[in-house]
Amino acid sequence: KQWYQRRVRVRTSGCQRKLKLDSPVNSVVLHPNQSLLFLGQSNGMVSFWDLRMDRSEEIFHNKGRVGSVQSIAVNNIATQLAAIDNKGMVRVWRVADLSDIPAPFVQQCHEDRGLKCTFSPDCATLATTGADTTARIWGVTQEGEL
């Protein structure tokens, strides 16, 4: 067999925008409207960056009591945001109205570090994985409760 290598030249104009934060970003997810980024940081902060308005706003930061955010996910109709931390806690927010985000629903989902979370396409299920060697499936209500 012969193997071929193809080189593709990608045109880039460099970094288009940059947001300076206080701690490293562990996870980022693009809102379905493609103008917002949700960010999960190692200091436990969850925030969003409005790319059109070029402003960022903190959604959650419980200083000193929260582990490092490992993964964040937004459902595909942009009504809920979930974050899992390195202590196995999952937080789910209702984010349909970004000007009035209520306190999150909080659930201990894993006995060890949480690793990843993602919503199902129908927005009714949240899947989480953890360092406790488990993958778990949770039903999600419209209010964000598991």
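For pairing I required at least two DSSP bridges between two strands. Strands here are DSSP runs of E with at least two residues, helices are runs of H or I with at least four, and both are numbered from the N terminus.

The model is predicted, so local features need pLDDT of at least 70 and side-chain atom pairs count only at pLDDT 80 or more, while totals for chains, interfaces and linings use all residues. Residues are numbered from 1 along each chain as its sequence is written, and side-chain values use heavy atoms, with hydrogens and water left out.

**Hairpin and loops**

I looked up the bridge partner of Ser47 and found Glu58 in strand 4. The hairpin of strand 3 and strand 4 has four residues between the strands, and Asp54 takes a positive phi near 50 degrees there. I noted that most residues other than glycine have a negative phi. Gln34 is not a glycine either, yet has a positive phi of about 60 degrees. I placed Gln34 in the loop between strand 1 (25-30) and strand 2.

**Aromatic pairs**

I found two aromatic pairs in the structure. In one of them, the ring centres of Phe38 and Phe48 lie 6.5 Å apart with the planes at 65 degrees, so I logged the pair as edge-to-face. The rule takes rings of Phe, Tyr and Trp (its six-membered ring) with centres within 6.5 Å; planes under 30 degrees apart are stacked, over 60 edge-to-face, the rest tilted. Phe38 sits in strand 2 (residues 36-41) and Phe48 in strand 3 (residues 46-50), 10 residues apart. Both Phe38 and Phe48 are buried.

**Cores**

I then listed the largest nonpolar core, which has 15 residues; Phe38, Val46, Ile59, Leu81 and Trp93 touch the most other members. A core is a set of buried Ala, Val, Leu, Ile, Met, Phe, Trp, Tyr and Cys residues joined through side-chain atoms within 4.5 Å. Strand 2, strand 3, strand 4 (55-60), strand 5 (69-74) and strand 6 (80-85) each give two or more residues to this core. Strand 5 supplies the largest share, three residues. Apart from this core lies another of 11 residues, among them Ala73, Val92, Cys109 and Cys117. Beyond four places in sequence, the contacts of Phe38 (heavy atoms within 4.5 Å) include Ser47, Phe48, Ile59, Ile72 and Leu81.

I located Ser71 in strand 5 and found it buried, at a relative accessible area of 2%. A polar atom of the Ser71 side chain lies 3.2 Å from the backbone nitrogen of Cys117. Leu115, Lys116 and Cys117 are among the residues that Ser71 touches.

Cys117 stands opposite Thr128 in strand 10. Strand 9 and strand 10 (residues 125-130) pair in the antiparallel sense over five bridges. I recorded an open antiparallel sheet of three strands in the order 9-10-11. Strand 9 (114-119) and strand 11 (134-139) are at the edges with a single partner strand each, so one side of each has no neighbour in the sheet.

Key:
Buried < 20%, exposed > 50% of the residue type's maximum accessible area, 1.4 Å probe, protein only. Polar contact = N/O pair within 3.5 Å; in protein donor to acceptor, adjacent residues only side chain to side chain.
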